[in-house]
Amino acid sequence: MFNEILTIWSDQAGLSAAIWLFILVFVAYLARNPAHSLILSTGHAIHAACRLFARSLRHLETSLQRRNREVVLALGEDACERAIEREFHRVNAVVTRDLSAYPALHRQISDTIDRIEEDYQAASDVPPLPPEWLQAVDSIASIPRSGDATVCSILDNIGSTLENAHRETEKAYRKTTLGRHKLLGAMQPQWRKLGHSLARVKETIDGLDERSLEIDRQMAAYEAIRNNDDTITRTLSSSSLTQFFISSLVLVIAVFGGLINFQLIAMPMSEMVGGTSYIGPMRTSDIAALVIIMVEIAMGLFLLESLRITHLFPVIGSMDDSMRKRMIVITFSILAILATVEASLAYMRDLLALDREALTQSLAGNVIVAEAEFRWIPSLGQMIMGFILPFALAFVAIPLESFIHSLRTVIGIVALALIHSLAFLARLLGGSARQASRMLVSMYDLLIMLPLGIERLISGSIKSKQRIGDSDDAVEYLMEEKS
Amino acid sequence: MKKFILIAALSLTLAACDEPQSKARAVYLLLDTSGTYTREMDKAQSIINYLLATLDSGDSIAIARIDSGSFSEKDIIARMTFDDRPSTSNQQKRQFKAQIDTFVDGLRGGSRHTDITGGMLQASEYLRETGAGEKYVLIFSDLEEDLQKGHIRDFPISLPDIHVVALNVTKLRSDNIDPRDYMERLDLWKRRVDEAGGSWGVINDLERMDHLIAQR
């Protein structure tokens, strides 16, 4: 077909192609102005459309940015409120536990101080005064002996009496000193007790001080959120991303845990619901095993929700305490029952595997070996795994909540990046279309450069002739003027 | 419009209620008990053991002998559909094995004639009745048919969606003289099975039975 069209003018392909080229160039030359305007207007239209699209995307980006900011701030506000609430609960607990006993403690400290004061008063050192007549007796005793035996004897008696009196006084003084020491010794435990009581009070006050510092910090963050601070928005966004990755990781681990759990109970489940029926492409026993695992996860969700650890269902969170407690008991009981069922299924799996192994051995003609000595260890291990895994899976609610909350931020960020890229691409496409239209116009002119050149030559000669004609007219006019 | 919605909903419901394709498997093993094949019973036993180890709950198995007139219920040595529960199914397998062992121990002289076509007709009937999704006829024979006088077997048989596999097809003395006899014998059975709507295969090395039946 192409060859036929090509050789329509001549049998020689080259000549025919040249004629075609000539016709093409000629037609293109004739259609130059409309073609130029078509190309330019198309380029302009694409540019304008892309610009409009980019502008609308920018609007969308701005609104999405605002929405992301609101989401992040709302999440941060919620987290801050929860943290502040928790801190107040702790302060309340400290006040209730420790400071409620403060009046008693204060009384105890006052009593101790009174006792110490009394003991102190009792232990004050009062030196015994010698009798007033002692000086007179001392003077008499110190009279020089004149040699009279009677006088000497009297004076000796007085002297010995004086010494006795001194000894008695000293003895009494020692006794009272010992008593004072005893009193002072008895004061020691009182001091210690006082010290302990004061240390306890200090501990409590320090704890409260720490809590108040934490509350101040949280309040500062809360105020920053309320004030729409950019720094806090950035911090919260990055925190959301971190939460997203961490919770994703934990969820992946939970999925693997779920798979192991499924493997544990899928086979023995066929003993309960039969191994031959199918629902769609899946065995009913497999679906039953999956249902058990899903129910366990759901019970875990409700349990943690009732314990107010997670906040996925506001209905549960807003229940009154007695109803919540009832729900805790019910969900925990169901979870425990399912865990027990799983443990028994895991044991049955082990029995079935053993039976199957024995059958395979007998079919293969091998002698059945006696039961291994430590065969009970894997059986027990499977049972424990069957019991523990449901409870472990129940805690999946915590990373799930973090994942869902952080997912909102992540989706917002990803959508923002996509819209931004799309707007950039639209702008790039618009600019490229405009430049391409200009380039196409130049290329068009390049294609028809031969007739354009001829046109320029002709128009050039006409213009020069006109110019010469004009100059001749001017000369004639000047000549006429002169004449 | 309402009628249209009603009809659409009804057809969707009916489509949803459509009986799904059964995933159960059924195997019918034909054992040639004529002539020298009575001495090959240990191999047949290992095939049966392989089948018992491979088949699961809900699957069916039947073992029948090929004798002078095989289109008969009496030639079925043992048959069983395994229970839904794996533990019961294991017990059934043990019973089945015991039945086969008893039969093999009691087998003395072989039959005079070999009616393979009759056995295949019987197998087709049994397999159809099981309603299994995958159906297999395994033939443990040299495929040399030797019909009793008066028995008519030269008519097209029907083996729709049945995999027919010949196992341990021993070469006869005459095959050694002219191997074309052996080839022709295999070709004849392949043609007959293909025409009957089944698929044909041969496994002579019993070590390669691993992929005989599709594993689940």
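Modeller: Two residues count as in contact if their C-beta atoms, placed from the backbone, lie within 7 Å. The model is predicted: local features need pLDDT of at least 70 and side-chain atom pairs 80 or more, while totals for chains, interfaces and linings use all residues. Residues count from 1 along each chain as its sequence is written, with chains lettered from A and ligands numbered from 1 in written order.

Colleague: OK. What is B:Tyr28 in contact with, beyond its neighbours within four places in sequence?
Modeller: B:Ala62, B:Ala64, B:Ala123, B:Tyr126, B:Leu127 and B:Val137.

Colleague: And the sheet, what order do its strands take?
Modeller: E3-E2-E1-E4-E5-E6 in chain B, an open sheet of six strands with mixed pairing. Strands (E, at least two residues) and helices (H or I, at least four) are DSSP runs, numbered from the N terminus; a pair needs at least two DSSP bridges.

Colleague: Which strands are at the edges?
Modeller: E3 (76-81) and E6 (199-203) of chain B, each pairing on one side only.

Colleague: How many bridges join E1(B) to E2(B)?
Modeller: Seven, and the two strands run parallel. B:Leu31 has B:Arg65, in E2(B), as its bridge partner.

Colleague: Switching topic: how many residues does each chain put into the contact?
Modeller: Chain B puts in 17 residues and chain A 13 residues. On the chain B side, helices H2 (41-54) and H3 (86-106) each supply at least two.

Colleague: Which element gives the most there?
Modeller: H3(B) gives the most to the side of chain B that touches chain A, with six residues.
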